[in-house]
Amino acid sequence: CDLLCVVGARPNFMKIAPIAAALAAHAPGLRVGLLHTGQHYDAAMNHQYFEALGIPAPDINLEVGSGTHAQQTAEVMRRFEPALDACGARSVLVVGDVNSTIACALVAVKKNIPVIHVEAGLRSFDRGMPEEINRILTDQISDLLFTSEQGARANLLREGIREEAIRFAGNVMIDTLRANLDRALPLSRIVPPELRERHGLTGKQYAVVTLHRPANVDDPAVLASLVDTLVETSKRLPVIFPMHPRTRSMLERASLLEALERGRVAVLPPQGYLEMLGLMKDATVVLTDSGGIQEETTALGVPCITLRESTERPVTVDEGTNTIAGTEPRVILGLVEEVLSTGGKRGKIPEGWEGKASVRIAVAIRDWMSRGCKA
Ligand code: UD1
């Protein structure tokens with residue numbers, strides 16, 4: 001193929017879907033391949049997204065699965081190299097900040113194959129986050145960098161990236177959100193009737209929670225405090241908690257799952273895209289440590305309380321509906337009260353989040369490749 005697009009983990013899928021479609025429409029002469037590293041492999045984290053978003057089946061699946069960061073990154077690299085050789089790609093496109101992103105970018109650049117990074121330049125300035133390392137390193141070795149918010153350019157320039165290599169594209173994840181909003185599923189199709197009844201999920205008000213960051217779920221003390229805070233929150237409004245497999249296993253190990261379920265908290269398995277969109281769209285408030293959800297709630301105009309000390313997506317705070325809360329119970333509960341009494345931040349839609357980012361990217365890639373991958 002000419003261009004090999006890489007996905008690996010759940011947050012990559014909603015980014016690649018519109019890019020693949022826009023490349024087919026706006027660069028029809030380009031032969032585009034899709035490679036899945038297999039970093040995420042559960043149906044709920046994986047196939048469901050391909051189906052719901054109409055992503056073509058990957059041409060190649062490396063089936064790397066889980067492991068430590070070193071194991072997972074190394075395994076992706078080891079398996080990606082021969083796959084890249086076999087397909088003879090002239091360039092490789094990676095998205096986001098997961099281990100698959102840096103692993104494939106690193107293999108490609110060492111073979112002198114130019115790398116395109118979509119969602120470049122985001123920085124939390126917290127190097128304790130594995131994704132921050134992935135972001136910095138991927139940007140350093142990329143040849144064409146598409147940013148999703150305007151502040152990202154300054155981060156890249158500060159790190160010595162050439163100005164000509166940086167293009168403001170807007171947010172491809174929001175392309176997917178806009179394209180699918182009217183297919184979002186209602187709560188009644190997502191939460192089973194007995195859970196709805198038990199937790200009083202009948203009225204309009206509810207909170208949605210997601211948690212999976214190592215800093216929050218791997219430390220039993222932090223996790224216990226977050227569980228307490230969520231149970232407290234559930235005294236004010238029912239809580240729906242679609243649970244990442246990593247979080248479930250940590251809660252089970254710390255015997256905290258029962259405590260959570262004794263509150264007004266409906267614990268669900270990881271949800272598909274249209275389910276998650278439906279849950280967020282009608283939520284009173286969303287509490288999360290995800291990156292993408294901070295953006296999706298801003299696009300939906302739903303207040304978001306971020307359970308982290310920093311964000312790499314500052315536009316969601318400066319212009320959107322997001323508030324950085326950290327993990328202090330008093331702060332989180334105060335913000336929940338504020339949303340209940342005032343309706344929370346209203347925000348506005350950031351520039352380039354109108355649903356056309358993937359078209360801008362496809363056109364730019366077509367022209368760039370026709371110039372021999374020169375910016
Ligand atoms: C990864 C990304 C993170 C992203 C998240 C979305 C990195 C460094 N992190 O974190 O940025 O926000 O995906 O979900 O790449 N597991 C399963 N089934 C799966 C996948 C994972 O059970 O399909 C469990 C395994 O126990 C695994 C653990 O989740 O060990 C962590 O998976 P991993 O891919 O290492 O990272 P995530 O926490 O999912």
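Q: What volume does the second largest pocket have?
A: Rolling a probe the size of a water molecule over the atoms shows where empty space is left. In this predicted model, the second largest pocket has a volume of about 230 Å³.

Q: Which residues lie nearest the centre of the second largest pocket?
A: Asp126, Met129, Arg213, Ala215 and Arg308 do. They belong to a lining of 14 residues. Two elements, α5 (130-140) and α9 (214-217), each give two or more residues to that lining. The most come from α9, which gives three.

Q: Why does the second largest pocket lie where it does, relative to domain 1 and domain 2?
A: Look at who supplies the lining. Domain 1 (3-171 + 355-370) gives residues, and domain 2 (186-342) does too, so the pocket lies between them.

Q: Now the sheet. Is the pairing of the six strands parallel or antiparallel?
A: Strands of a sheet pair through backbone hydrogen bonds, in either of those two ways. Here the pairing is parallel. The sheet is open, and its order reads β10-β9-β8-β11-β12-β13.

Q: Which strands stand at the edges?
A: They are β10 (265-268) and β13 (322-324). Each has a single partner strand, so one side of each is left without a neighbour in the sheet. On average, neighbouring strands of this sheet are turned by 20° against each other, direction ignored.

Q: How many bridges join β8 to β9?
A: Two bridges join β8 (residues 207-210) to β9 (residues 239-242). Across this pair, Val208 stands opposite Ile240 in β9.

Conventions. Residues are numbered from 1 along each chain as its sequence is written. This is a predicted model: local features need pLDDT of at least 70, side-chain atom pairs count only at pLDDT 80 or more; totals for chains, interfaces and linings use all residues. Side-chain values use heavy atoms; hydrogens and water are left out. On a 1 Å grid over the protein atoms alone, a cavity is a set of points where a 1.4 Å probe fits but cannot get out, and a pocket is an open set with protein on both sides within 12 Å along at least five of seven lines; lining residues have an atom within 4 Å of a point. Grid points are joined across faces, edges and corners, and a volume is the space filled by probe spheres set on the points. Helices (H or I, at least four residues) and strands (E, at least two) are DSSP runs, numbered from the N terminus. Domain bounds come from an automatic or database domain assignment. Two strands pair if DSSP finds at least two bridges between them. Axes are lines fitted to C-alpha atoms, for helices over the stretch in contact, and angles run from 0 to 180 degrees between N-to-C directions.
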